[in-house]
Amino acid sequence: FLYLPYVGLVVFAVTSVVPLVALPSRAVIITTTVLVCAFSGLTWTRQRVWSSNEVLWQTTLEDHPNAQGALHGYGSALIESGRYIEAITYLRRVLDDPGIGHDRRAVVARELGFAHISLGQVSDAITRFEESLAASPTGMAHQNLGVVLLRLDRLSEAVPLATQYLTKI
């Protein structure tokens with residue numbers, strides 16, 4: 001991903017250098033050195049974006065503020081760093097998009113449920129885990145909801161989910 005945007009520049013540079021081959025080799029060396037330095041500088045500048053998942057997704061959001069993937073990625077990175085309140089804002093924006101697919105809705109709702117449960121917001125977590133389960137009834141969705149209900153001593157609701165979880169794995 002770092003070099004792909006520069007393919008056009010490399011093609012331009014190579015086609016520009018080819019006619020210079022007839023010139024003294026000093027001109028070719030200087031041109032090549034300048035191009036290598038320029039590309040190295042551009043790569044070094046772009047490398048900052050790849051320093052962490054959080055920086056990568058934050059930079060992507062600056063360029064594409066409503067992209068589902070970037071919102072989801074940044075929200076996930078915030079969860080990884082324990083910044084649950086901030087993560088909730090970005091993950092909710094993904095779920096608010098009417099064009100979101102079922103699989104992404106399930107994953108984002110599950111992550112949002114995890115953020116809520118980490119903050120002790122049990123009812124919000126249950127709502128999100130149920131949304132995840134409704135979007136895509138995977139074993140993970142059954143497990144998450146079942147664990148929360150079990151912690152609340154709602155055994156009669158948790159057991160069927162645990163049974164369904166076991167059939168999904």
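Helix 4 (residues 68-80) and helix 5 have axes that come within 8 Å and cross at roughly 160 degrees, and the two helices are therefore roughly antiparallel to each other; angles over 145 degrees count as roughly antiparallel. Axes here are lines fitted to C-alpha atoms, for helices over the stretch in contact, with angles running from 0 to 180 degrees between N-to-C directions, and helices are DSSP runs (H or I, at least four residues) numbered from the N terminus. The crossing of helix 4 and helix 5 is left-handed, a term used if the near helix is turned anticlockwise from the far one by less than a right angle. Residues of helix 4 in this contact (heavy atoms within 4.5 Å) include L71, Y74 and I79, and those of helix 5 include Y84, Y90 and L91.

This is a predicted model, in which local features need pLDDT of at least 70 and side-chain atom pairs count only at pLDDT 80 or more, while totals for chains, interfaces and linings use all residues. Residues are numbered from 1 along each chain as its sequence is written, and side-chain values use heavy atoms, with hydrogens and water left out.

Helix 5 (residues 84-96) also packs against helix 6 (residues 102-118), where the axes come within 9 Å and cross at roughly 155 degrees. That makes helix 5 roughly antiparallel to helix 6, and the crossing is left-handed. Among the residues that meet are Y84, I88 and L95 in helix 5 and V108, L112 and F114 in helix 6.

Where is the largest pocket lined? Its lining consists of R110, E111, F114, I117, F129, M140, N144, V147, V148 and R151, and helix 8 gives the most, with five residues. A pocket is an open set of points on a 1 Å grid over the protein atoms alone, where a 1.4 Å probe fits, with protein on both sides within 12 Å along at least five of seven lines, and lining residues have an atom within 4 Å of a point.

Notes. Angles under 35 degrees count as roughly parallel, over 145 as roughly antiparallel, 65 to 115 as roughly perpendicular and the rest as oblique.
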